[in-house]
Amino acid sequence: MAVVRRTLRRALSGSVVIGVCCLLPMSSARAVETPTTSSGRLSAPTSSDTPPSSTSLPVTQIPQIKKYYCGPASGEMIARAVGATTSRADGAPLSQEALAAPGYMDTDREEATKWKAGTFVTGLNRWLGAPLYTQVDKPTGEQAWDALHSVVGVQKRPIAADAVEIAGGVHYNGHPVDRTIGHWIVGYAYDDAKGTSTWTDPAYNAPTVSWYRSVQAPTVTVDTEQFAADHLQYNGIAR
């Protein structure tokens, strides 16, 4: 995959109103090891291990089943990757609809998983049964790398980003340049030597997204610092 390398475009003032993007929930995905407590709840590792210089977690891309389900689809990818196929809160089986429900990401009521409301991390943490994920607003490239190293590299958990693409500006993975898009994606791999990270895109193969045919691939590899500058300065990352 070609590495996305772009120049930073002029920042636009004011808030960005987002709407997006949709199909086939996956029935299974390969899981990675995440520590649990004696009660079976997920817990954050306390390891001080040095992160590897490159790594890739076994995350399976899952298309969104509704145009505004990029958040629940990203949450499902993360939950499957850590083996949380039922809710630690109420025992519900894992699905995008379950994560979109009130008490989780509240996506159906809002028709979006809103960054400022914090519902992505609230819903995902409730599902996982532990406060593993937190939001980082407008992360610098250094903060993005810290999330990749600490969470993906050491803790072996994927991270998520609510990336924003401004109409007429820099876009990634074939997303249409004529519209402003806010879109949750999942980060699961990085390579220090190349300065890159790799993310899964739930808009790929998602027919309820009107522009899904333009999406180039299920994953996209980007220059991490440039991606943070271009797309993470309106919302941020969940790590």
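Buried residues (under 20% relative accessible area with a 1.4 Å probe, protein chains only; exposed is over 50%, partly exposed in between) make up 54% of the 239 residues in the chain. This is a predicted model, in which local features need pLDDT of at least 70 and side-chain atom pairs count only at pLDDT 80 or more, while totals for chains, interfaces and linings use all residues. Residues are numbered from 1 along each chain as its sequence is written, and side-chain values use heavy atoms, with hydrogens and water left out.

Start with the cartoon view. The chain has six helices and seven strands, taken as DSSP runs (H or I of at least four residues for helices, E of at least two for strands) and numbered from the N terminus.

Next, the charged pairs. A salt bridge is a side-chain nitrogen of Lys or Arg within 4 Å of a carboxyl oxygen of Asp or Glu; the chain has seven salt bridges.

Select Asp108 and Lys66. Their side chains form a salt bridge at 3.3 Å, N to O. Asp108 is in helix α3 (residues 107-110) and Lys66 in the loop between β1 (54-56) and α1 (70-81), so the pair ties together parts 42 residues apart in sequence. Asp108 is partly exposed at 29% relative accessibility, and Lys66 is partly exposed at 31%.

Now select Asp146 and Arg239, whose side chains meet in a salt bridge at 2.6 Å, N to O. Asp146 sits in helix α5 (residues 141-154) and Arg239 in the segment after β7 (236-238), 93 residues apart. Asp146 is partly exposed at 37% relative accessibility; Arg239 is buried at 19%.

Last, select Asp106, Arg109, Glu110 and Lys114, which salt bridges with shared partners join into one network.
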